[in-house]
Amino acid sequence: GEVSEVHVYFLAAADGLGSIAIDTTQLNMSVTDPTAWATAMNNLGMVPVGLAGQQLVTDSICVPGFDPSLSMMTGITPINPMIPGMGLVPPPPPTDVPVVKEIIHCKSCTLFPPNPNLPPPSTRERPPGCKTVFVGGLPENATEEIIQEVFEQCGDITAIRKSKKNFCHIRFAEEFMVDKAIYLSGYRMRLGSSTDKKDSGRLHVDFAQARDDFYEWECKQRMLAREERHRRKMEEDRLRPPSPPAIMHYSEHEAALLAEKLKDDSKFSEAITVLLTWIERGEVNRRSANQFYSMVQSANSHVRRLMNEKAAHEQEMEQAKESFKNALTGILTQFEQIVAVFNASTRQKAWDHFSKAQRKNIDIWRKHSEELRNAHSEQLMGIRREEEMEMSDDDSGDNPSKKLRVDDSALAAQAYALKEENDSLRWQLDAYRNEVELLKQEKGQLFRTEESLTKDQQLQFLQQTMQGMQQQLLSIQEELNNKKSELEQAKEEQTHTQAMLKVLQEQLKSAKELAEINGHDESQANEINVLTVALVNQDREKNSEKRSPGLKSEKEALLIGIISTFLHVHPFGANIEYLWSYMQQLDSRISANEIEMLLMRLPRMFKQEFTGVGATLEKRWKFCAFEGIKTV
């Protein structure tokens, strides 16, 4: 190779803390020096690899295995490793300081830097987890071995996909290696020392979006999300309060054990919880009532023990009060002695011999001691007043042995305190009386509300029963009216048929007389008889048609349509109970008797058949409108 001297302005990048130290030092360096590549890589704070494959600088700047985003699943904002100020890679240098790239020599080719006055080459947005770069502008004669020779200095290459045209895709083992490859964007690549156009090209290196990179990045994020969820779950489990002990289910054996525990004072609190839970669960029945009663009785036996414990604690409290009162009395006596010393010191006999400062201090001490003495005296008087009140509640204050013993200096203070105490007690008594009256009023209101609630419930129940009875009465009246109308129709039909019979008989008699007169033979008379019978039958059919009245309401029309549809899909018929259970789902107020009366009123649409023998005899209704329409 040709040796030349170049003046290099380089930027020394700082470590991963993100601070930049700019040093514009002029160096004389041989182009064929193996440190040329290291200097070029150091311009962006990257870890260069020497021509022989050794690492030339420490790995403190580029972070191997760097994850560009911590986790989208866990809600943590993705981090771009090229964002300045994040502390992962050094931020880019200021725009006013040019980064001068230098010539890079390889075995098979030479890389010439771009014009430093030109703007830096543009790149697309970096995809998450990008390990693949696009390399365009390759020489036409560049082989895969030459490409690998140039770009393997950026890091381990896992795959090279070369196109027939002048570009390829290179996939690296780690993400930080892509940043080193992007640095080579803009370099002119020349194969050997040839000046042929096919042996040179300007490189354009950019981020490439590959499915494999994105899949690996997603897997990594899912793994991080799982770890985060596991960590949070472990933290929640650690901070969760312990669960209460599980209460066993009721059985006779467990009940016997529980009865023994209820008798034991040390296990009573645990056993009473189990007993309460069993009773709330509803385990008490006729079979277990006696056992539960015995356990409740055992629980009741502890009342006396608890009262004894309370009395013992009260006795201890009284003893503590007494000891406190005695100690307070001793302290008060000593305070009185100290105050007496100060009072004696302030008399003129001794006061004149003290200096002005000493008199001031004695006066301050005397006032402070008197304040403390008065406070302790009031406290002791309060304790004794409480005792006197308790004694007056117990035995009406007939014990004269416990009278107040005070000094003459505290009598006035005691009288004033007693007066105030009397006033406060009177006010408390008035307040208690008012509270008792309010409680009585509230209790009376509660009783009234309970009585009114019971009366309202009874009244509501009576109203419901009256409504039910009224509905029954209305239905009975409706049935009675129907029966009356049917009876009237039957009477009208009977009178009509009787009148028709009379008319026909008269016609028959007249026809016979005419036949005898005219001398007709007996065959003509038979024809007349047949004619009269046909007329009577026809009249009966008309009467039957009249007897079956028309539909009374739209509800009956709907019922006939639904029953016809139901019986049409049951060609062998259905009994009235089956039909009624089906109609109940549509209208719960309909009765089986109402359905049967409706079917009997329409003999041309519905017919009744008997099936079975003896005990299996069953009455079924069938739909016969298709046969009945032919005979109409």
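pLDDT is the predictor's confidence in each residue, from 0 to 100. This is a predicted model, in which local features need pLDDT of at least 70, side-chain atom pairs count only at pLDDT 80 or more, and totals for chains, interfaces and linings use all residues. Residues are numbered from 1 along each chain as its sequence is written, and side-chain values use heavy atoms, with hydrogens and water left out.

The chain averages a pLDDT of 76, and 75% of the residues score at least 70. Contact here means heavy atoms within 4.5 Å.

| Stretch | pLDDT | Contacts beyond near neighbours in sequence |
|---|---|---|
| Residues 1-41 | below 50 | 78 contacts |
| Residues 528-534 | below 50 | five contacts |

Where pLDDT is low, the predicted coordinates should not be read in detail.

Now the sheet. Helices (H or I, at least four residues) and strands (E, at least two) are DSSP runs, numbered from the N terminus. Two strands pair if DSSP finds at least two bridges between them. Four strands form an open, antiparallel sheet, ordered β6-β7-β5-β10. β6 (157-162) and β10 (204-207) are the edges; each has a single partner strand, so one side of each lacks a neighbour in the sheet. Five bridges join β6 to β7 (residues 167-172). Arg161 stands opposite His169 in β7. Helix α3 (residues 176-183) lies across β5 (132-136), β7 and β10.

Next, a helix pair. Axes are lines fitted to C-alpha atoms, for helices over the stretch in contact, and angles run from 0 to 180 degrees between N-to-C directions. The axes of α5 (residues 252-263) and α7 (residues 289-345) come within 9 Å and cross at roughly 15°. That makes α5 roughly parallel (under 35 degrees) to α7.

Notes:
Angles under 35 degrees count as roughly parallel, over 145 as roughly antiparallel, 65 to 115 as roughly perpendicular and the rest as oblique.
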